[in-house]
Amino acid sequence: MKKILFIGLLLIIVLISGCTYQPRTETISQPTVTKTLPTAMVTEIAVTITVIATPVSTPAPVLVQIKGFAYNPSTITVPAGTTVTWAQMDSGVQHTVTGNGFDSGILNAGDTFKWTFKKAGTFSYSCSTHTNMIGIVMVT
Ligand SMILES: [Cu+2]
């Protein structure tokens, strides 16, 4: 009888301990693998990268004065990308800078007009009210 009671008690203890949930926390660390390649393999995968930096430069701006019913200088040669500024300096007179693809409109004394020549070519222009005023921009 004691034996049955002991087995029953033991069975109850086993059942109670088996029903208890206890979460387990484990920390698994990644193994670190270091492998040394043979020298021959290192040579095969070596790459030489050469970067050639080309400095980006903006051409210096150029000024043309409109004075005495003329463009001064009347002919200029500039690299592509140059911005040309015309400054109207004739008092009491209106002039324009009118070319193929660009037009300043009326410029009074003290006004300026800017145009950037992006492509190479020869660009002639004139004043729409004084057609004898002619200028040329040669873009290289
Ligand atoms: Cu004019």
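Trainee: How many bridges join β4 to β7, and do the two strands run parallel or antiparallel?

Mentor: Strands of a sheet pair through backbone hydrogen bonds, either parallel or antiparallel. In this predicted model, where local features need pLDDT of at least 70, side-chain atom pairs count only at pLDDT 80 or more, and totals for chains, interfaces and linings use all residues, six bridges join β4 to β7, which run antiparallel. Residues are numbered from 1 along each chain as its sequence is written, and side-chain values use heavy atoms, with hydrogens and water left out. Strands are DSSP runs (E, at least two residues), numbered from the N terminus, and two of them pair if DSSP finds at least two bridges between them. Within β7, lysine 114 is the bridge partner of threonine 85.

Trainee: Which order do the strands of the open sheet have?

Mentor: The four strands follow the order β2-β1-β4-β7, with mixed pairing, and the edge strands, β2 (71-72) and β7, each pair on one side only.

Trainee: Where is aspartate 90 placed, and what is the nearest side chain of opposite charge?

Mentor: Aspartate 90 lies in the loop between β4 and β5 (98-99). Aspartate 90 is buried (under 20% relative accessible area, 1.4 Å probe, protein chains only), yet it has no salt bridge (a side-chain nitrogen of Lys or Arg within 4 Å of a carboxyl oxygen of Asp or Glu). Lysine 67, the nearest side chain of opposite charge (Lys and Arg count as positive, Asp and Glu as negative, while His and the chain ends are not counted), is 7.5 Å away.

Note on methods. Buried < 20%, exposed > 50% of the residue type's maximum accessible area, 1.4 Å probe, protein only.
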